[in-house]
Structure formats: C-alpha cells, structure tokens
Amino acid sequence: MEVEYDDSGWQGRAKAQSKAEITGEHGKSETQEDNPQKTIQECLEKFLTPDYIMEPGIFTQLKRYFQSGGSPEEVISMLSENYKAVAQMANLLAEWLILAGVKVTEVQAMVENHLKEMILKSFDPKKADTIFTEEGETPDWLTEMIDHYTWRSLIYRLAEEYPDCLMLNFTIKLISDAGFQSEITSISTAAQQIEVFSRVLKTSIVKVLNNPDDVHGAIQECARMVCHGQHTYVYSQVLIQVLSQEQKGGFNMKRLSQEIIKYALQNNQNVTPITMALNGSAVYPQACQALTSMLTRNTLNPADITVLFRNYSGSDPPPIDLIRNPQFLELLVDALFRSGVKINPEHKPKYMFLLAYASAVIDQPAKKRPLTERMLNKEELKSTIQAIEKAHAICNVDQGSTELIAELQTLYNCIKYPVVGVGVIRWIENVVMEPSYFKLSTDSCPTHLAVLDEVAAVHPTLQQQILFLLIRLFESKQDELEILVQLDMKKMILDRMVNLLTRGCVVPVLRYIKQCCAIEDTDISLIRYFVTEVLETITHPYSPEFVQLFLPMVENEEITGTMRGEGDNDPVSEFIGEYSDV
C-alpha cells in the first residue's frame, strides 16, 4: 500500500502555524477563536483530566484558554486539584526498589514492560496522528524514543497492528533513517514505505552474501520478505535482475532470484507472468508461449516440449536463460528420474536434450563483436545427453540393491555430470523414502545411500540437498522395524552425515546434531555414536566455529562420560584439554 505524507513541517521546513500562535497586527491572533466560551469549555474539560499538567500539549491549551478570556485562578485550581503525580510516584517506587536491593536494570525493565503493556492496550491511532497537526515538527520525545531498543520494539508491534497510522509509519521511517533497519523483521511494516523496504531488502541481501554457512536460512528469510505481496515481489525481482547483470557477483543475484521464484511456487503464488516479463522472452513468442503454458499448469506436455526442442535445436536458438527456469528444470528432472513417470519413447530424447542443453551449453559474448551477439559453446552437450540417457536407463528400472551393484561403475561415471547428480538424488529420494525400503534392506549400508556418498564427493554444491534427505530419513518414523534395528539404521545415517562432514559440509551437519541435543528428542546413544565417529575421523587444526559447535557436545557428561578414561589420553579428554579455553 502506498502512503503519502505532507511532511513539510516534520523536517524543519515551513512549519505549520497552530491556532494558538499570536503573530497578527495590533496584538491580535491571526486565527482568533470564533466562539471564546466554547473554547474555554473545551480547555476546562481537558484541565479536569488527571495529571493534565504533565501532558505535552499543556502550553498550547493554556494559550487558547487565556486568549479566549479564561480565568487564571480557575485554571490553577483545576490543574493542581487534578494533579495525581502518577509518574512521580512511579519514580519514587522505583527508587525504593533500588534501595531495597533490586538491580537497576531489573527495575527499569519492570517499568518499561508495564508502560509497553499500557500503551498496547490503550493506543489510539487517530490520536497519535494528531501529533502531525499539533506539534508541527518531529517531537523531541519521539527522537529520544527511537534511540532505545525497548521503544523501537514497541513501535514495530504497534505498526504491525495499525498499518494505516501515519505517525507510526513516519516513526518507522525515522528508525530506518537512523540505521536500525535490520531490526524491522515484520514484512508488513517494512512494505508500507519504499525507502524502508529498500533498506530492509538491502540488509537481507547482504546477509545472504555474507553468510555462506547458513545461506539456505538467509535465502529463505529474504524470499519470505520478497514474496509478501505483488508490489514487493515485482520491485525486488526487478532490482535483483538489474544486479544480476553485473560481471562481479551477478551470478549470486541470479541464484537468489531463482530461489525466490522457487519459494513463491512452493507457497502457491503464481509468479510465472512476472518471471516471463523479466527474462525478455517476449522476443521469442513461440518458446515463450510453450514455456508459459507448462509453468502455469506446473506440468510438462509433449506438444510444448516439441516446440522448445525445435527452437533450441535450430540455427538461431533463444537465450539459454529462458529454459534455465528452476520450475522448468525441476519438472524435467522429475520426468526423467522420478520412478513411475512414463514418457512417450518418441519424445524422451527431446526431454533429455532440453535438460542437457540448459545445464551444459555455455552462452558467452563473442570476442571482438557487439555485446548483443552471443557465442554458444556446445562442447559438452553430446556427452551430457549420453550421461543422462545412461543414468535414466539405470534409474528407470525397478531394481534392488543387489542388482544395482552391477551398474555402479556406469552410474559413477555418469554422476560426474552435475545434472545427473541432481537427478540421482531425486531418484534415490523417491526410492528410500518408501516406508518398506529399510524393512526389505539387509545391507549394513544400502547401495542407494552409498551412491549418495559418491555424489557428495564429486559435487560439493549438492551436499546441502543430500543433508536434507538424510535429515528426513533420520527423523522418519520406522515403526515397522524393531527398536534395535531402528537404532542401527539411524547409526548408518549418522555415518553418512559424518561422511558429509569430512567432505566439507561441516557447519550444517554440526548445527543439526546440536539442534537434536537441544530438543532432546534423539536417543543419547546416537549422539554419543556421532561424537565418537567424529573424534576418530577429524584432526586439528579446527576452526573457531567448529569448536564452538562441537565442544559443548564433547563436554556433556551425559554424552561422553562413559568415553573418558582414567588419564587424559583418550580422544575426549584430549579435545577438551586443548580447546576448553577457546
């Protein structure tokens, strides 16, 4: 929602005159009260309220009262009789509490929390908006308020509850101007004003770029904010699209844009028209229409696939970015690698061609030619198509672990191609998530999960996907298995996580195990098993973040108490002795 303000008086410019100002000729007010008796009565009603002498508008009302001929004795009597000294009594009680031994910070927190509760209960947005008209400029008390986190957090809560309040929206802008935009976590609050939203979006993007160990969480947080509404989505995606054109770091922005699209689709938001408008596909109407049709329905169909195949196999193909759409690639991977999906043999090569083309062809500027001219590098296209064909033939056959062993070498050769690695993860996920999979498996490590180890070794960028799959398996209910068999299965999955850790996926794995310890819903013997395996696998030097995550688990008596020997020669004691002071 767009909110416009007339803030001419708020920035110290052309301050609006109040009715109480006396600037006219012959000592008369330029804005004389039309009905003095009515004005006096209005003022007296205000003077009768408790502690009115403490109100910020007291001087304005006194001027109005005296200009209309009010009696000084009467106003003095009213103000003094209705003076209850609530604020002063609160200060006195606070001083008594401090003298009684309560910490100053605790007393301050008690007073502030009570005030916040009172304000939340009695806040009136209409009265708050009168600050614009009565003050004429930014009140000093408002400027002082935003210097303290307690009152800024109150403003955030009120702004979320009263999004149309002009005073709160203006205060949010002041808070953002003061550099506290990272605190504005409420999307609805930030989305009210483009300046505030721009700063919050910038902070969120910087967090994505500077937080490689938890990039998934940072991207999810950014995507949730961008997908708040159509206006925030369009504005953000246009901005990110411009940034993605930069040579330095542009690929990071393109990845972020694709993750935002993926998040929007997962939340049933139809962003296809916006995506197609931003990627310049209108220049290629046939390819645009075919792709839009499939993305809108979220399903592939042979007719549209044939149109795209014809366009991209021709002499003047459309830009690769058009089919490097996350949703389209997900549909292709699902069609070729998910068990049970049937594709007409006549059209199957077209599916494989498009998936290989999107992943293997390099589109780069032609040297010594205009920037609009592109040169396509198709050196790996043929070999990628062949790898997809071989992997598809293996994954599309319903075979157990024993039969799969004979095909491992061929599959490992195909996995060297990243797109095949993605497809194999999708295939394995579909197989191992079947409820009966572990019931029928007799191997200490099923072949399918051993294949995941190979993918993790060859493609570090796919390790996060593998970890998510392992977490789902670890947390899945296997009620059909005996308790001891369930424990053995989970130990085997922990072995796969330790393998991921040794391949470089250190912090995400440790964070998950630490989370399991904190929630206390995981058998302690499994945590002990993980710690033992890690201590036997790793060696120093260790990063500070590794020590910070792993040391609390090693120091936990319940986890490692039985692993410690009498001396200090065991791995647990050595690790604690060397890093307990870090």
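**Note on a predicted, mainly helical chain: selected local features**

1. D51 is a buried residue, its relative accessible area being 9%. Its place is the loop that links α1 and α2. The phi angle of D51 is near 60°, which is a positive value in a residue that is not glycine. The model is predicted, and the remarks below should be read with that in mind.

2. For orientation, the chain has 32 helices and 2 strands. Of its 582 residues, 42% are buried. Among contacts with a separation of 6 or more, 62% are between residues 24 or more positions apart.

3. Helix α1 covers residues 36–47 and helix α2 covers residues 58–67; the angle between them is about 145°, and their axes are 9 Å apart. Their crossing is left-handed. On the α1 side the contact involves T39, I40, E42, C43, L44, K46 and F47, and on the α2 side I58, Q61, L62, R64 and Y65. Sorted by class, these are 7 nonpolar, 2 polar and 3 charged residues.

4. Helix α4 (residues 86–99) packs on helix α5 (residues 104–122) at an angle of about 150°, with 9 Å between the axes. Angles over 145 degrees count as roughly antiparallel, and α4 and α5 are therefore roughly antiparallel to each other. The α4 and α5 crossing is right-handed. A94, L97 and I98 from α4 make the contact with V104, V107 and M110 from α5. The class count for this contact is 6 nonpolar residues, with no polar and no charged ones.

5. Helix α16 runs over residues 285–297. Its 13 residues should span 18 Å at 1.5 Å a residue, and the C-alpha atoms at its ends are 18 Å apart, so the two values agree. Its buried residues are A287, C288, A290, L291, S293, M294 and L295. The cover over these buried residues includes α15 (272–278), α17 (302–312) and α18 (326–337). Just after α16 comes N298, with a positive phi of about 55°.

6. Helix α19 (residues 348–360) also has 13 residues, and the distance from its first C-alpha to its last is 18 Å, close to the expected 18 Å. How many residues of α19 are buried? The count is 10 of the 13, so α19 is largely enclosed by the rest of the structure. The buried residues are K350, Y351, M352, F353, L354, L355, A356, Y357, A358 and A360.

7. Is R496 buried or exposed? Its relative accessibility is 12%, and R496 therefore counts as buried. Apart from neighbours within four places in sequence, R496 is in contact with C445, L449, D453 and L470.

8. The other arginine, R564, is in the loop between α31 (557–560) and α32 (571–579). R564 has 27% relative accessibility and counts as partly exposed. Which residues does R564 contact, leaving aside its neighbours within four places in sequence? They are V554, E555, N556, E557, D570, V572, S573 and I576. Between R564 and E574 there are 10 positions in sequence, and their C-alpha atoms are 9.8 Å apart in space.

Key:
Residues are numbered from 1 along each chain as its sequence is written. This is a predicted model: local features need pLDDT of at least 70, side-chain atom pairs count only at pLDDT 80 or more; totals for chains, interfaces and linings use all residues. Side-chain values use heavy atoms; hydrogens and water are left out. Axes are lines fitted to C-alpha atoms, for helices over the stretch in contact, and angles run from 0 to 180 degrees between N-to-C directions. Helices (H or I, at least four residues) and strands (E, at least two) are DSSP runs, numbered from the N terminus. A crossing is left-handed if the near helix is turned anticlockwise from the far one by less than a right angle, and right-handed if clockwise. Contact means heavy atoms within 4.5 Å. Ala, Val, Leu, Ile, Met, Phe, Trp, Tyr, Cys and Pro count as nonpolar, Asp, Glu, Lys and Arg as charged, and the others, Gly among them, as polar. The expected span of a helix is 1.5 Å times one less than its number of residues. Buried means under 20% relative accessible area, exposed over 50%, partly exposed in between (1.4 Å probe, protein chains only). Angles under 35 degrees count as roughly parallel, over 145 as roughly antiparallel, 65 to 115 as roughly perpendicular and the rest as oblique.
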